Amino acid sequence: MASDRRDYNRKYYQEHKEHILSTNKKYRQEHKEQDKRWRATYTKKHYDEIRQIHWKRKLKVVEMLGGKCRRCGEMDIRVLQVNHINGGGRRDPLGKTDLYLEIVQGRRPIDDLELLCANCNIIYEYEVGHRRVYLPNWCPN
Ligand SMILES: [Zn+2]
């Protein structure tokens, strides 16, 4: 059974975690250049597939977060972005692709995330003080 196998693998990993991690690390250090070359070739060769995986994940995340900009209702996936409600997006240790993966696979809770379109996201950044308009008497209205 596939799930028995998975349980076994998980258990094996937990029991041999340190050994596995240190072996992997040693291998990566010893094959750094080779790994870099392989990655570059692979990324070039499979560019479309990699982008497609990214977009499929994004589509799923967009659906999970309500499918539209929380402020203005924009639904165009090309401009929709994930916003960290309490800030901290820059501090999120996960890159964009990994963040989507973590969300899609249910490992990252989404209650502190919201969908904003690019415009609303930038306006939000001004409102919370991450960006500033350098004009002395400028007012948004
Ligand atoms: Zn918007």
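What follows is a conversation about a predicted model of one protein chain.

Trainee: What pattern does the protein chain follow along the sequence?

Mentor: The pattern is α-α-α-α-β-α-β-α. That comes to six helices and two strands.

Trainee: How many of the 141 residues count as buried?

Mentor: The share is 9%. A residue needs 20 or more other C-beta atoms within 10 Å to count.

Trainee: Why is Asn24 called exposed?

Mentor: Count its neighbours. Asn24 has 10 C-beta neighbours inside 10 Å. The cut-off for exposed is 12 or fewer, so Asn24 counts as exposed. This residue lies in helix 2, residues 17–30. Its C-alpha atom is separated by 34 Å from that of Gly87, which is 63 residues away along the chain.

Trainee: How do you know that helix 2 lies largely in the open?

Mentor: Of its 14 residues, the number buried is zero, so helix 2 lies largely in the open. Its length also checks out. At 1.5 Å a residue it should span 20 Å, and its end C-alpha atoms are 20 Å apart.

Trainee: Which residues of helix 4 are buried?

Mentor: They are Arg57, Lys58 and Val61.

Trainee: How do you know that they are on the same side of helix 4?

Mentor: Look at the arc around the axis. These residues cover only 105 degrees, which puts them on the same side of helix 4. The face turned away from the buried side carries exposed residues, including Asp48, Trp55 and Glu63.

Trainee: What span should helix 4 have, at 1.5 Å a residue?

Mentor: Helix 4 covers residues 47–64, which is 18 residues, and should span 26 Å. Its end C-alpha atoms are 26 Å apart, so the two values agree. Just after helix 4, Gly66 takes a positive phi of about 105 degrees.

Trainee: What does Tyr100 touch, beyond residues up to four places away in sequence?

Mentor: Tyr100 touches Arg57, Lys58 and Val61. Those are the buried residues of helix 4.

Trainee: Which residues form the largest nonpolar core?

Mentor: There are 10: Val61, Cys69, Leu80, Val82, Tyr100, Ile103, Leu115, Leu116, Cys117 and Cys120. Strand 1 (80–84), helix 5 (96–104) and strand 2 (113–117) each give two or more. Strand 2 gives the most, with three. In soluble globular proteins, nonpolar side chains tend to be buried together.

Trainee: Why is Ile123 called partly exposed?

Mentor: Ile123 has 15 other C-beta atoms within 10 Å. Exposed needs 12 or fewer, and buried needs 20 or more. The count falls in between, so Ile123 is partly exposed. It lies in helix 6, residues 118–127. Ile123 and Pro140 are 17 residues apart in sequence and 10.0 Å apart in space, C-alpha to C-alpha.

How values were computed: Residues numbered from 1 in each chain as written. Predicted model: local features only at pLDDT ≥ 70, side-chain atom pairs only at ≥ 80, totals over all residues. Core = buried A, V, L, I, M, F, W, Y, C linked by C-beta atoms within 7 Å. Helix = DSSP H or I, 4+ residues; strand = E, 2+ residues; numbered from the N terminus. Contact = placed C-beta atoms within 7 Å. Expected span 1.5 Å × (residues − 1). Arc of directions from axis to C-beta.
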